[in-house]
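Please read this briefing alongside the sequence and the 3D structure.

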Amino acid sequence: MDLLDADDDVKKAGYAWEDTYKRSWDLLLEDEAGSLETAVDRLKQQLKRARRTLRFGTVRRGIVRNVVLVLDASAAMAEQDLKPNRMETTLKLARQFITAFFDQNPLSHLSIVVTRGGLAERWTQASGNPTDHIDALQSKGPTRDLYGEPSLLNALSLARTILAHAPAHGTREVLTVFGSLTSCDPGNIYDLIPQLNQDRITVNIIGLASEVHVCKAVCASTRGQYRVIMNEDHFDEIMTGWTPPPPLVREDGDARPRLMEMGFPRRRKPRRRPVSFLCACHPFRPEQRGFTCPRCLSVVCELPTECPVCALTLVSSPLLARSYHHLFPVMPYVATNLVASTHSALPPSAFAATILGGVYACPSCRQPFCLDCDIYVHSHLHNCPGCI
Amino acid sequence: MTGTLGAVIVDLNPLGWAQLARVQKQDDVFEKVLQHVLLYINAFLGLRYDNHLLVIAACPNQSHLLYPAEPQAAAEAASKPKPVNVYEEFHTANEQVASQLRAVFRQQQAQFRAAGGGDDDDAAATAARRAATSPTATAAEDAAHVAAHLGVAKTSATAATSAMASALSKALAYTNKVKVARPDMEIATRSLIISLTPDNPAEYVPLMNCIFAAQKMGHMLEVCKLHRGDTAFLEQAAHITGSNFIQVDDVSRLAQTLLQVFLPDQETRRWLVLPTKEDVDFRAACFCHKRIVSVGFVCSICLSIFCAPQKECIMCGTEYDISSLPASLES
């Protein structure tokens, strides 16, 4: 019944072609010189800003994520509507995604599963090391061994077994790129949905062809999202949208939050060189430098790890700090009616001194910023240079 | 080979300088250090025609962009007569950087005296004596103690430290703007931090944000430390961005360190074996009391760090699973 309700909601929203007709060219107005450049620039700026503002908002997010990336490797992925073909594009975007994913979600784990010829196959074990996954994509990806039909059921079942071992305090997600319009399953996929829900697994699917009912049904009933791409840029945008930690939406005791005790060790080098010593984690491997556990002072050779002597989780503070900008987001700047046309038009501390265009101000410190600084502050720096 | 946009961030905390003067037994240590820094700046500008300089002062509560000067001030300076036998850029940089640094430094000293309501030299002398007699007490504790003693207890945490995150944010935003404005120009960028004060734990998150932004941009954060306080965050900055962290104990050797370690550009450095600090302090600051901790409790939802276990996360409001908490909190 749930599925039918979900369908009704979509119908109420209406189709794009039923919408009132928008005269998009009315937005373009010529400036005094009869050129459209100013109007186009303004639209570009609005677009750039819109992309950012969407992501703003303080919500509880699950930063510790357990993710299975499912890639379709069936014959449908050899289709050349994306250049050079669907698989190559997917692999390229997957590599970008993995780098960004570990950048934004420290302490998370990822595993890659592919499905072809009616089977699902695990490419990488769940691990927190991005190089493992990128290497696997590079070494196994270019074989272009695309055949048969994918199996959504097998892929999700395999993902479920992988995620079953994930610790209870993290999210459990399946992110799927699905190029085929068919799925060759050994059983009824609707029987799997309650099991996925029981294990609180969220399934998200990107469709590369057109909308498929079963994909939509699986996503809707596991509180995931089903998106169908329009072009390569859109594909990139959706894939990038998966990188920030998702807001916690599952009210059924989503993740059981825990307070984890962690140690932040110092890296030490023996005073006299060359001296090798043995670390506590690899008894037979001499090391040149190591990290000392702050609780028991035993030496380990790499981070993050668990102290083999006192079982304290050892991490470096930068690993955790990568996610802190989600907790302290910079307030979005508001557009002012100032225009940075000359140097003298702005207060001396303005960062907008040399660039033409709109001027934006921080709502708390009232400092003016140019568009470039606005975007840089909100997408990379995450500090307002005027406030701190 | 490309040009370099080099930012020099000078810590102008009056307390830090007073302590340095006592430790080095030189009253005019600021002027001496300034001469060494100017020497470095000249060498940097002279090294390549397309090297660009940025000078930022980090003060206790704020930071100031000192060079390049504001358009009006620059125009004013340009109208003054210049000596004919000096390379123009050396002259303008020397004049402006020196006068601006001196002006801001004097202003900071005056502010500090006004806030303290007394002669800070005496207090600094006490601090220096204590530092000399008890090697275990850190400079940070001393500085905080001095500030508290002077009756500026309210600002004691900030008075003893400088707004390094603010200075770095400005340097990075400026660097980014230069890169965006001239996408065709290849330019290497880096920042040299001349540190006089220990880390301010309250700045942990902004400072780490700066470090990651710098890392993404390939911007090296180099640290030249002139004091003996705790600088876990700056150590991490140098480590993460793959650059050098040097502690200079004798100020008269500052120029040598600056020229030898911090002058070569990124490309040349690959062929040099430069000294750096091998020990890196990976400690973090807790969110509840802003203390630097080596063992902390981390929220599994938002990864906030706390120095003691608690029932509910103060950042995201999550209530923790009872079974995971230590027995003392369960009741």
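A salt bridge is taken here as a side-chain nitrogen of Lys or Arg within 4 Å of a carboxyl oxygen of Asp or Glu, and by that criterion the count between chain A and chain B is 2 salt bridges. The structure is a predicted model, in which local features need pLDDT of at least 70 and side-chain atom pairs count only at pLDDT 80 or more, while totals for chains, interfaces and linings use all residues. Residues are numbered from 1 along each chain as its sequence is written, chains are lettered from A and ligands numbered from 1 in the order in which they are written, and side-chain values use heavy atoms, with hydrogens and water left out.

**Interface between the chains**

- With contact meaning heavy atoms within 4.5 Å, 59 residues of chain A touch 57 residues of chain B.
- The buried area, which is the accessible area (1.4 Å probe) that two parts lose on being put together, summed over both, is about 5,100 Å² between chain A and chain B, and carbon and sulfur atoms give 63% of it.
- Of the area that chain A buries against chain B, A:Leu259, A:Arg267 and A:Tyr376 supply 15%, more than any other three residues.
- One salt bridge is formed by A:Arg266 with B:Asp281, where the closest N and O atoms are 3.0 Å apart.
- Helices (H or I, at least four residues) and strands (E, at least two) are DSSP runs numbered from the N terminus, and strand S7 (259-263), strand S8 (266-268), helix H9 (317-321) and helix H10 (371-381) of chain A each supply at least two residues of the side that touches chain B.

**A sheet built from both chains**

- Strands count as paired if DSSP finds at least two bridges between them, and S7(A) pairs with strand S10 (residues 295-299) of chain B in the antiparallel sense over 5 bridges.
- Within this pairing, A:Met262 stands opposite B:Gly296, and A:Glu261 has B:Phe297 as its bridge partner.
- The open sheet has 5 strands in the order S13(A)-S14(A)-S7(A)-S10(B)-S11(B), and its pairing is mixed.
- Strand S13 (305-306) of chain A and strand S11 (305-306) of chain B stand at the edges with a single partner strand each, so one side of each is left without a neighbour in the sheet.

**Annotated region**

- An unreviewed UniProt entry annotates residues 293-310 of chain A as "zinc finger region: C4-type"; such annotations may be inferred rather than shown by experiment, and their positions are given in the numbering used here, with feature names shortened.
- Over residues 293-310, chain A is 0% helix and 22% strand, and the end C-alpha atoms lie 9 Å apart.

**Backbone details**

- The peptide bond from A:Lys83 to A:Pro84 is cis, with omega near -10 degrees, and A:Pro84 is found in the loop between strand S1 (65-72) and helix H3 (86-104) of chain A.
- In chain B, a cis peptide bond with omega of about 5 degrees joins B:Tyr67 and B:Pro68.
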